[in-house]
Amino acid sequence: MTQTEQAQDFDHAIKDEDIERAKLLLGIDAPISIDEHHRRAGVDTIRQFAIGYGDDNPLYVDPEYAAGTRWGGPIAPPMIHSSLSKKMLGDPIPEDVRKATKGLFSGVHLFVSGQDTEWFQPVRPGDELYGFGGMESTEVKTSEYAGRSVIRIRRAVRVNQRAEVVAIERTILIATERKKSRERGKYMDLKPASYTDEQIAEIDEIYAAEGPRGAEPRWWEDVHVGDALPKMVKGPLTLTDMISFHAGGYGFGPYGIGGARVGYKNRQRVPKFYIKNAAGIPDVAQRLHWENEWSQSIGNPMAYDYGVMRECWLTHYVTDWMGDDGWLVRQHDEMRKFNYIGDTQFIAGEVAGKRVENGNGVVDLEFQATSQRGEVTAPATATVALPSREFGVVVLPQPDEELRRKAAAMMARHNELSRGRR
């Protein structure tokens, strides 16, 4: 959930007209015109991103170690596409569709409830990422509490400079008729977390036992349904964690955020994104992720993390477990509760399934992040391909032929327009 979603007035009903207009966008792919903080992957880019969310796996952060793995060098953590992307040039959606869908669901409560991601290729030093996508589905549901809800799936296809599909993200967007009065301020009585020395020691004990499996293969044959996964901890969440996450590359590129003159120019470009603080200084609305005062002014008890940060944590949980030779095929996650400054998330799970898929031995995992309050904040599932004594090394999955052709065509058009700009 973002700062702009929180700041809206959500008292409007969903219009039948908007539901019909939303359907005009289905199946239309367009280039993603966003430059993220990082435009090209490098050894330092990969290391900084991993360290930013607390992952010290040598496969990502130690080039000499990574050179001895099956990958022959560093590869990026799965969620790298959240901070690495270049603007893709291409043909926009048809003008009549753009006009007909302008202002969809205006004034309605809009939020992101989760994401499905599939991975097909590693990102290596020197790689660039581009993206295209659009709305994949629209579904209307009705409940007594929320009234009507419109559930939309937005697909984003990430491709590298070789036109290889790297990942597919499917983001779950929900528009609801819940009233602002029911939503805003309902957590304001929540008290900030505090810890005794003994509680910190218990958290530290989990940290001390953590670590990536590394070079020792986790053989598919040795994994069984019902096996418990090791514990992982993230927290207590501090402002330092938020700074580190941004230092790793997340979140500032698309918003144009920068210091001094860069910040001034951005404020002229998007003045509504800047809101005065108590001292009368214009600052970004995004600061609700690190400034309690601003977060409280719009109905939250304190600042809170990004959903993407927890997605990185959840993939970290899986990649630590699977080892260097495994491959995270897909992950589904949901952000059900806020993770406030001071909160601690404990991640645990188990093996839920085991089978053969596309020539690989794969396992299904079920796991979740649970806060120190005992609330599940982020449930998740994942499918992991593991090396097998019978099948051999993991073979990277492939997207379907139609999508590969689409990716090649989109990159060809991008390259054509790029040449025309020179």
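Me: Starting with the sheet, which residue in strand 12 stands opposite D333?

Reply: D333 stands opposite A380 in strand 12. Before going further, this is a predicted model in which local features need pLDDT of at least 70 and side-chain atom pairs count only at pLDDT 80 or more, while totals for chains, interfaces and linings use all residues. Residues are numbered from 1 along each chain as its sequence is written, and side-chain values use heavy atoms, with hydrogens and water left out.

Me: OK, and how many bridges join strand 9 to strand 12?

Reply: Strand 9 (residues 327-334) is joined by six bridges to strand 12 (residues 376-386), and the two run antiparallel. Strands here are DSSP runs of E with at least two residues, helices are runs of H or I with at least four, and both are numbered from the N terminus. Two strands count as paired if DSSP finds at least two bridges between them.

Me: Which residue is the bridge partner of D116 in strand 9?

Reply: The partner of D116 is H332. Strand 2 (residues 109-119) is joined to strand 9 by five bridges, again in the antiparallel sense.

Me: How many residues of strand 9 are buried?

Reply: Six of the eight residues in strand 9 are buried, and the strand is mostly covered. Buried means under 20% relative accessible area, with over 50% counted as exposed and the range in between as partly exposed, using a 1.4 Å probe and protein chains only.

Me: What about strand 11, enclosed or open?

Reply: Strand 11 (residues 360-371) has nine of its 12 residues buried, so the rest of the structure largely encloses this strand. Strand 10 (residues 345-357) pairs with strand 11 in the antiparallel sense over 12 bridges, and V356 has G361 as its bridge partner in strand 11. Another 10 bridges join strand 11 to strand 12, also antiparallel, with V363 partnered by V384 in strand 12.

Me: Which residues take a positive phi in those two hairpins?

Reply: In the hairpin of strand 10 and strand 11, which has two residues between the strands, N358 has a positive phi near 55 degrees. In the hairpin of strand 11 and strand 12, with four residues between them, G374 in the turn has a positive phi of about 85 degrees.

Me: Changing topic: how many cavities of 30 Å³ or more turn up?

Reply: Searching the whole structure gives two cavities of 30 Å³ or more. A cavity is a set of points, on a 1 Å grid over the protein atoms alone, where a 1.4 Å probe fits but cannot get out, and lining residues have an atom within 4 Å of a point. Grid points are joined across faces, edges and corners, and the volume is the space filled by probe spheres set on the points.

Me: What lines the largest cavity?

Reply: The largest cavity holds about 190 Å³ of space. Its lining has 22 residues, of which I75, A76, P77, P78 and W327 are the closest to its centre. Helix 4 (58-61), helix 12 (307-322) and strand 9 each supply at least two lining residues. By class, the lining has 15 nonpolar, six polar and one charged residues; Ala, Val, Leu, Ile, Met, Phe, Trp, Tyr, Cys and Pro count as nonpolar, Asp, Glu, Lys and Arg as charged, and the others, Gly among them, as polar.

Me: Last one: which residues of helix 3 are buried?

Reply: In helix 3 (residues 43-52), the buried residues are T45, I46, F49, A50 and G52. Seen down the axis of helix 3, they fall within an arc of 160 degrees, so they line one face of the helix; the arc is that of the directions from the helix axis to the C-beta atoms. What covers them includes helix 4, helix 9 (239-247) and helix 12. Helix 3 is followed by G54, which has a positive phi near 95 degrees.

Technical notes
On a 1 Å grid over the protein atoms alone, a cavity is a set of points where a 1.4 Å probe fits but cannot get out, and a pocket is an open set with protein on both sides within 12 Å along at least five of seven lines; lining residues have an atom within 4 Å of a point. Contact means heavy atoms within 4.5 Å.
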